[in-house]
Amino acid sequence: MSSGYGLPLVALARGLLTMLTTLACLLLVTFALSSLSPIDPALRALGDHASAGSYAEMRHRLGLDAPWPQRFARYAGRLLHGDLGVSESTGQPVADDLRHVFPATFELATIAMLVSCALGVALGVLSAWRPGGLLDGVVRIISLAGSSLPAFWLGLVALYVFYARLHWAGGPGRLDDAYEYTLDLDSGFVLLDTWRSGVPGAFANAWAHLALPVLVLAAYAIGQVTRMTRAALLGEAGKEYVTLARAKGAGPGRIILHHLLPNTRGLILTVLALTYASLLEGAVLVETVFAWPGVGRYLTTALFAADTAAILGATLVIGCCFVVINGLTDALVRALDPRLR
Amino acid sequence: MNHPLSFLPLVLGAVVAAAPAEASSPPGVLVIAQALDDLVSLDPAEGFELSSVQTFTNVYQRLVQPDPDHPANLLPTLASRWQAEPGGRALDFELTAGARFASGNPLRPEDVVYSLSRAVKLNRAPVFILNELGWNAGNVDQHLSKLDDRHVRLAWDAPVGPALALSILTAPVASIIDAREVLAHAVGEDAGNAWLRSHSAGSGPFKIRRYMPHEALVLDANATAPGGAPRLQTIVIKNVADAATRRLLVAVGDADIARDLGPDQIAALGRDPQLQTLAFPSAMIDYLMFNTTNPDNAALRNPALWEAARWLIDYDGIAAKLLRGEYLVHQAFLAAGFPGALTATPYHLDAAKARSILAAAGLAPGLHITLDVINQPPYGDIAQSLQASFAQAGITLDVVPELAGELYTKVRARSEQAVWLYWVPDYFDANSTASAFAANREDGTKTVAWRAGWRIPGLSAATAAAATETDPAARALDYLAIQREVQQNSPFVIAFQARNEVVVRKNVRGYREGLDADMVYYDRISK
């Protein structure tokens, strides 16, 4: 069966090609959009008082004297050599900045995702148990609140109550100052670094600082996941095999856990994947309120500064996350659903 | 098992087990919560943002520096004495005996020559300050010379008197760096720029221990600083972009100082007995500018509009009620505290007077003017107040809030109609501001007066003459006259002088800020 060996390879190659094309298009569009920005990057870099000579030289140094397609070609050429350029807003190589900010966001978003996945699916199941019942109503209000309360407001209230008043949680930032500037946080993953450091209290302190931003970020995602899980379960509940199961005497618990969940897991998995991807790029407000040095804040600062190299670098990282998460989800859904094989 | 619920006990267990946070900053360490997102570079030849120039004051020294308590007096710093050459176009400096950099390297004339020459040749944002001396990449080396092991001569061609030259040398860009240390870290032709962006090589009271871009800056005491060791061992400046979060940090005690808070937050914290609010007048002035070159609105060129506008700002209402202490009413371009500052405030809100001025000039009611403002506090509030007061004279202001970068791009291209802006002097001397507001040489130099399209050959000459005046009293009189002309007859309506309010914990002593943007001093702080 030659196709049996060839097919996965062809599929893999096709997948990689799609991925690379997607990323290239993403970069091209981002580049074109950032060149339309009404902010003059040279002026941003030099300030308002600079002389005409410095201004002209800065435009040349930033390559702004060339038309944007030519600038993009130059950027793409450097990118192929692994050079993401230097950020005009931090003064550091973009690759170094990203190595620092991405783990912060990845850690936050991943834990928030795990929390919202667990709670969201559970609440969705509870809600679908007896649609229209009291429990369903309560869960729907909770999920609506989670996805409609502004994240910065929820974040500030959480900080005020659990950090400033009750002292239950750590404050803004990733660690207390006693740890933050004495430990070697070289991987960028604060849980991993504090665990490896062996310093007493550091690992627990990292969790104390993660708790609030994780919960605030998860509150939004829980709303999404709950509502989608509920809708998927109820959509499936009207099908004939469910009626048959019910006729054979199966209770709602058995029907949901043994029939509906396995049959909707592809859909739920897709929702979870999309939510995860949005958490990775959409944590700007939570990162701002909690002084979390993540990729969302990095990108926002770069956008306000028309810092093209940083915008493209961060977009590329987020784009890669989307592509990888989507790819993995597709593969997982395929593996779980025999109809798609 | 891939059931999602299996992760729940792990996560919840860890959160519950987490220790509660300590609610106080570590002893011997001062924690400052402020916004650091503006910081691009910690190389004194390059950094020109508030956060970077304030760091330079604490990490580097210049030959001479303003006295923190009386900034009009210059203090010998890395130079113990100086003398102007008879022609008034050169200064000889004697370097302070025994001065050393934080690295342990002694200060040499070569360090002075290298620092200034490097700043000019690197040609980054703040270089225009040194360019005022006529120094450029091609000629700077001819103007800087080592006389002997303790003396250095700095000469210049530009029409600048020795007093102004000394003021220019107090700017952060004229910081003296440890040439040997920097050159040891140079890569290719970068003159150590990549390294200096996040490290220090100075002689100031502190040195940079660690800089995490847009996250935190950690400074350690420099025990051998020529001006004496600072009182605290470590300063941590944390980037907390959200003002409400900064407020929480200082209230809880995890930060000792919170900067850049809004009037509401300051008022709320004022009731906390553990905190005190310090207020420092700043040299920043806020002004309204009409762009007389805008072809779409002829009224902008009419001096009657400028005159009427002076009577259409609710100065006291904005300063006292809207911004509650963040601004003082001030109507001249030199901030109070500068030698020669004009402190008279002849204008107040008088809509009837404004209406009669407009009517006499034939400017009919129903005039529309687009006003660009930065979309950050407090400019939105100020713009709303202007809208209301200008409406009383029949002028409709169409307010366009936008990003600072966008607004500056427009102003530089002279495409706006009117704009509300702020101005911060680049060094402690009247010339820094006068040469912007009262000089339009029409030679390609894009001063503030050029941006407004204000044609002033006579006033430009007076401003140039004041720059070469050697007698301080006569110079102050020159600037008083120049300010009066700008106050009464220009397309600028200068309205306010800013006041920086800082909330500190009660146990923190010795925090000081001066008038100029870079004048933030950490060396005398104790807690």
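1. B:Glu110 is partly exposed, at a relative accessible area of 32%. The model it belongs to is a predicted one. The side chain of B:Glu110 meets that of B:Lys146 in a salt bridge, with 2.8 Å from N to O. This pair links distant parts of the chain: B:Glu110 lies in helix 3 (residues 109–122) of chain B and B:Lys146 in strand 6 (residues 144–146) of chain B, 36 residues apart.

2. B:Lys146 has a relative accessibility of 38% and counts as partly exposed. The side chain of B:Lys146 also forms a salt bridge with B:Asp149, at 3.2 Å from N to O. B:Asp149 is exposed, with 60% relative accessibility.

3. Another salt bridge in chain B joins B:Arg108 and B:Asp111, whose closest N and O atoms are 3.1 Å apart. B:Arg108 is partly exposed at 22%, whereas B:Asp111 is buried at 1% relative accessibility.

4. Over all chains, the whole structure has 34 salt bridges. In chain A, a network of salt bridges links A:Asp136, A:Arg140 and A:Arg230.

5. Now the overall form of chain B. Chain B contains 19 helices and 19 strands. Its radius of gyration is 25 Å, close to the 24 Å from the globule rule for 527 residues, so chain B is as compact as a globular protein of that length. The C-alpha atoms of chain B occupy a box of roughly 75 × 70 × 45 Å along the principal axes. Of the 527 residues, 59% count as buried. Among contacts in chain B between residues at least 6 apart in sequence, 70% are between residues at least 24 apart.

6. Next, the interface. Chain B and chain A bury about 5200 Å² between them, and 61% of this is on carbon and sulfur atoms. B:Glu215, B:Leu248 and B:Arg412 supply 11% of the area that chain B buries against chain A, more than any other three residues. The contact involves 59 residues from chain B and 60 residues from chain A.

7. Two salt bridges are counted between chain B and chain A. B:Lys238 forms a salt bridge with A:Asp177, with the closest N and O atoms 2.9 Å apart. Nine residue pairs are in polar contact across the interface. Several elements of chain B each supply at least two residues to the side that touches chain A, among them helix 1 (8–17), strand 10 (234–239) and helix 15 (404–412). That side of chain B has 35 nonpolar, nine polar and 15 charged residues.

8. The buried residues of helix 15 of chain B include B:Gly405, B:Leu407, B:Tyr408 and B:Arg412. Just after helix 15, B:Arg414 adopts a positive phi of about 55°.

Key: Residues are numbered from 1 along each chain as its sequence is written. Chains are lettered from A and ligands numbered from 1 in the order in which they are written. This is a predicted model: local features need pLDDT of at least 70, side-chain atom pairs count only at pLDDT 80 or more; totals for chains, interfaces and linings use all residues. Side-chain values use heavy atoms; hydrogens and water are left out. Contact means heavy atoms within 4.5 Å. Buried area is the accessible area (1.4 Å probe) that two parts lose on being put together, summed over both. A salt bridge is a side-chain nitrogen of Lys or Arg within 4 Å of a carboxyl oxygen of Asp or Glu. A polar contact is a pair of N or O atoms within 3.5 Å; within protein, one must be able to donate a hydrogen and the other to accept it, and residues adjacent in sequence count only if both atoms are side-chain atoms. Helices (H or I, at least four residues) and strands (E, at least two) are DSSP runs, numbered from the N terminus. Ala, Val, Leu, Ile, Met, Phe, Trp, Tyr, Cys and Pro count as nonpolar, Asp, Glu, Lys and Arg as charged, and the others, Gly among them, as polar. The radius of gyration is taken over C-alpha atoms; the globule rule is 2.2 Å times the number of residues to the power 0.38. Buried means under 20% relative accessible area, exposed over 50%, partly exposed in between (1.4 Å probe, protein chains only).
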